[in-house]
Amino acid sequence: MPINVLMPALSPTMEKGNLAKWLKKEGDAIKSGDVIAEIETDKATMEVEAVDEGVLAKILVAEGTADVPVNELIALIAEEGEDPKGIQAPAGGAASGAKTAPVEPKGTPDENAAPDGAHAAYARVDTAPEGAKPGGTAHPAEASGRVFSSPLARRIAKQGGVDIAAIKGSGPHGRVIAKDVQAAIEGGTAKAGAAPAKAAEAPAAKAPAPAPKAAAGAPAGLSLEQVKGFYEKDAYEEVPLDGMRKTIAKRLTEAMQVAPHFYLTVDCELDALMKLRETLNASSGKDKDGKPLFKLSVNDFVIKAMGLALTRVPAANAVWAEDRILRFKHAEVGVAVAIDGGLFTPVIRKADQKTLSAISNEMKDFAGRARAKKLKPEEYQGGVTSVSNLGMFGIKHFTAVINPPQSTILAVGAGERRVVVKDGAPAVVQAMTCTLSCDHRVLDGALGAELISAFKGLIENPMGMLV
């Protein structure tokens with residue numbers, strides 16, 4: 001029987017991808033490990049490997065096709081002994097009796113999970129559930145009886161007090177996604193969920209006024225036509241959003257709505273750091289071409305200081321995870337890198353343990369590959385905190401939005417000469433302003449203050465980063 005090849009989930013949050021290029025053509029023999037296609041996500045182009053052997057019998061989604069849903073059938077592989085030419089494209093979805101084959105993003109096998117951990121989406125279902133079409137391949141949610149839904153959809157349903165099982169999904173294979181829940185709430189078609197126990201015991205009361213639509217989840221904001229209505233038609237041009245900008249807009253809007261932000265600001269003196277930086281850069285050896293082996297920037301010291309501060313304040317080295325906190329053994333510090341149309345935030349793993357020169361060289365590599373969109377998902381996903389430095393633009397002070405699932409982000413301003421009071425007399429120092437955005441679910445005010453104070457102490461006494 002033919003093997004189904006499905007659009008893989010290259011990250012936990014991926015719902016659609018662009019099939020950029022087929023690297024095998026119909027009739028080609030395929031071995032396990034062969035790269036068969038290139039898939040574009042919102043931030044990267046990934047090579048996809050086959051894990052089954054056979055012959056590529058049918059390509060069902062042409063290269064260049066955009067917004068292909070995760071788990072959609074994209075090709076058929078003929079197994080040994082099958083006639084590839086005799087395999088026909090299915091009329092509606094999976095091929096009759098076909099197996100489904102996982103495919104892996106090259107270099108990132110851990111990311112090849114269907115949303116919500118539904119790994120069964122890649123497995124053959126031999127027993128059709130009640131109501132399934134004969135000869136079809138059942139969706140795992142149907143086979144198990146559970147509702148296949150996204151985490152955001154479940155959260156919105158819970159906040160809106162509705163039964164998600166009563167909502168018809170429009171996502172891949174009937175998956176319930178956020179817009180389905182919002183539409184059901186706004187249209188009044190969703191059933192109410194189970195009431196809390198205390199509510200059941202309460203005496204009958206007058207029904208409350210209907211909650212505003214925004215209470216069900218993300219505010220809808222102004223529609224396209226409403227916005228355009230404010231302006232003359234020839235006063236603007238429309239610029240369609242690419243995948244990266246859509247993801248940034250969605251994720252950071254959710255962050256501001258879900259994570260309760262608070263902000264802590266300190267001024268850090270840089271004189272000692274600048275002297276140490278100059279000394280260390282002067283001591284750098286040369287490579288075979290006569291170039292320095294490293295050249296430390298102020299940002300490299302900031303990354304290292306943030307990593308050490310997290311390990312010195314271990315309660316802050318944590319992230320929020322629905323009903324618990326995940327606390328980490330080492331510091332994972334993301335660094336915002338601006339590119340055309342958006343940004344990447346590659347993560348320096350174990351920043352507390354790495355030398356300044358190692359951090360510096362790793363960041364140079366990350367920044368170059370970020371601008372070329374060659375970073376792998378595991379290089380920019382995760383992290384506990386991030387550093388966003390706008391000092392090179394002359395920005396003195398700003399606040400940054402936390403990048404989920406991280407719990408903090410440090411906004412770094414420009415270093416500048418300032419007059420301060422020392423020993424009762426005015427003195428000129430070089431200083432920069434840094435603001436820490438904190439997720440109040442993970443860090444209380446005192447804990448956040450302890451973290452940014454530890455950071456400030458390391459910046460102002462930088463020799464502590466060398467021991």
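**Strands, rings and charges**

Modeller: Gly17 stands opposite Val68 in E7. This is a predicted model. Ask away.

Colleague: How many bridges join strand E2 to strand E7?
Modeller: E2 covers residues 16-22, and E7 covers residues 65-69. They run antiparallel. The number of bridges joining them is three.

Colleague: Which residue in E6 stands opposite Ala29?
Modeller: Look at E3 and E6, which run antiparallel. Two bridges join them. Opposite Ala29 stands Val55.

Colleague: What is the bridge partner of Ile59 in E8?
Modeller: E6 pairs with strand E8, residues 73-78. The sense is antiparallel, over four bridges. In E8, the partner of Ile59 is Ala75.

Colleague: How far apart are the C-alpha atoms of Glu53 and Ala29?
Modeller: Glu53 sits in the loop between strand E5 (45-50) and strand E6 (54-59). Its relative accessible area is 54%, so Glu53 is exposed. Along the chain, Glu53 and Ala29 are 24 residues apart. Their C-alpha atoms are separated by 7.7 Å.

Colleague: Where is Lys24, and where is its partner Asp34?
Modeller: Lys24 forms a salt bridge with Asp34, with the closest N and O atoms 3.7 Å apart. The pair links distant parts of the chain, ten residues apart. Lys24 is in the loop between E2 and strand E3 (29-30), and Asp34 is in the loop between E3 and E4.

Colleague: Is Lys25 buried or exposed?
Modeller: Lys25 forms a salt bridge with Asp28. The closest N and O atoms are 3.4 Å apart. The relative accessible area of Lys25 is 55%, and exposed means over 50%. Therefore Lys25 counts as exposed.

Colleague: Why can such side chains pair at all?
Modeller: Opposite charges can pair because their charged atoms come close. By the rule used here, the count of salt bridges is 15.

Colleague: What is the relative accessible area of Arg369?
Modeller: Asp365 has 38% relative accessibility, so Asp365 counts as partly exposed. Arg369 is partly exposed too. The relative accessible area of Arg369 is 22%.

Colleague: Which residues are linked in a network of salt bridges?
Modeller: Here the salt bridges join up into a network. Its members are Asp267, Lys396, Glu416 and Arg418.

Colleague: How many aromatic pairs does the structure hold, and what is the angle between the planes of Phe230 and Tyr231?
Modeller: The structure holds two aromatic pairs. Phe230 and Tyr231 form an edge-to-face pair, 6.4 Å centre to centre. The angle between their planes is 65°.

Colleague: Why is the pair of Phe344 and Tyr380 edge-to-face?
Modeller: The ring centres of Phe344 and Tyr380 are 5.3 Å apart. Their planes meet at 65°, and the cut-off is over 60 degrees, so the pair is edge-to-face.

Colleague: Are Phe344 and Tyr380 buried or exposed?
Modeller: This pair links distant parts of the chain, 36 residues apart. Phe344 is in strand E16 (residues 342-344), and Tyr380 is in helix H10 (residues 377-380). Both Phe344 and Tyr380 are buried.

Colleague: What is the accessible area of the nonpolar patch on the surface?
Modeller: Phe230 and Tyr231 are exposed. The patch is formed by Leu222, Val227, Phe230, Tyr231 and Tyr236. Together they have an accessible area of about 540 Å².

Colleague: How accessible is Tyr236?
Modeller: Tyr236 is in the loop between helix H5 (224-228) and helix H6 (243-258). Tyr236 counts as partly exposed, and its relative accessibility is 32%.

Colleague: Which residue has its backbone oxygen 3.2 Å from a polar atom of the Asn317 side chain?
Modeller: Asn317 is in the loop between helix H8 (298-312) and strand E12 (318-321). Its relative accessible area is 1%, so Asn317 is buried. The backbone oxygen at 3.2 Å belongs to His330.

Definitions and conventions
Residues numbered from 1 in each chain as written. Predicted model: local features only at pLDDT ≥ 70, side-chain atom pairs only at ≥ 80, totals over all residues. Heavy atoms only, no water. Pairing = 2+ DSSP bridges. Patch = residues over 30% accessible without salt bridge, like charges linked within 9 Å, V, L, I, M, F, W, Y side chains within 5 Å. Areas by Shrake-Rupley, 256 points an atom, 1.4 Å probe, with all protein chains shown as cover. Salt bridge = Lys/Arg side-chain N within 4 Å of Asp/Glu carboxyl O. Buried < 20%, exposed > 50% of the residue type's maximum accessible area, 1.4 Å probe, protein only. Phe/Tyr/Trp six-rings, centres within 6.5 Å; stacked < 30°, edge-to-face > 60°. Polar contact = N/O pair within 3.5 Å; in protein donor to acceptor, adjacent residues only side chain to side chain.
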